Amino acid sequence: MNFLEERIAKDGIVKEGNVLKVDSFLNHQMDTELFNAMGEEWKKRFEGKNITKILTIEASGIGIACVATQKFQVPVVFANKSKSINIEGEVYTAEVESFTHKNKNQVIVSKKFLGEEDHVLLIDDFLANGCALQGLIQICNAAGATVEGIGIAIEKGFQKGGTTIRNLGYQLESLAIVESMNAETGEVFFREN
Ligand code: G4P
């Protein structure tokens, strides 16, 4: 097990319905030392890539991206989730559907902060069905920016997001891939790297 898998095994809580709660270290209380190690690992895995910007999505991606970028030393931009668009023309938009929350959000990024000169690393905490990532990819495409890679903390390997994104040809680096979980025993099983 790597450092993130060990932490999930120690502090993650398996809930009914294939939900993994990691709010004690990842997406509510945040262990920034852990984020730092995640940044280091992504830096290694994306070695040689010319990354000019990190793009994430509110809310939980922001903390991770901000710490991780210290290894990349590039600006972090986060996509806003918004129910209404009233600044059309000045922003890139994409519609993101959340299966977990059963709602739809418009995600927006100002045209000022993403352009065709950018080489982007996408970062997020979870990859489940991949809707959030597809929205971010759509925004990069609209901007003419190049997606150099995607860094995810926890991929739920039994949901379709990872396969979809890899099939699109992106370098997707998930630091922990959960293959299955048992809500009765609390066990989490990871994909072997
Ligand atoms: P997708 O973006 O990959 O399609 O994921 P999905 O719609 O299924 O998930 C919606 C939200 O739920 C996402 O957060 C995602 O990170 C989160 N999520 C999915 N599975 C789990 C899980 O097992 N445990 C936890 N803790 N979160 C999960 P979000 O709506 O973007 O919320 P946030 O970033 O504001 O927290």
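I began with strand β8 (residues 146-156) and found that six bridges join β8 to strand β9 (residues 172-181), the two running parallel. I took strands as DSSP runs of E with at least two residues, and helices as runs of H or I with at least four residues, numbered from the N terminus; two strands pair if DSSP finds at least two bridges between them. In this pairing I located Ile154 opposite Ala176 of β9.

I noted that the model is predicted, that local features need pLDDT of at least 70 and side-chain atom pairs pLDDT 80 or more, while totals for chains, interfaces and linings use all residues. Residues are numbered from 1 along each chain as its sequence is written, and side-chain values use heavy atoms, with hydrogens and water left out.

I then turned to strand β7 (residues 119-127), which runs parallel to β8 and is joined to β8 by eight bridges. Here Leu127 faces Glu155 of β8. I recorded that β7, helix α4 (residues 131-143) and β8 form a right-handed β-α-β unit (with the strands pointing away from the viewer, the path from the first strand over the helix to the second runs clockwise).

I checked burial in β8: ten of its eleven residues are buried (under 20% relative accessible area, 1.4 Å probe, protein chains only).

Last, I looked up Gln159, in the loop between β8 and α5 (161-167). Beyond its neighbours within four places in sequence, Gln159 contacts Ala128 and Asn129 (heavy atoms within 4.5 Å). The side chains of Gln159 and Asn129 make a polar contact at 3.4 Å (a pair of N or O atoms within 3.5 Å, one able to donate a hydrogen and the other to accept it).

How values were computed: Buried means under 20% relative accessible area, exposed over 50%, partly exposed in between (1.4 Å probe, protein chains only).
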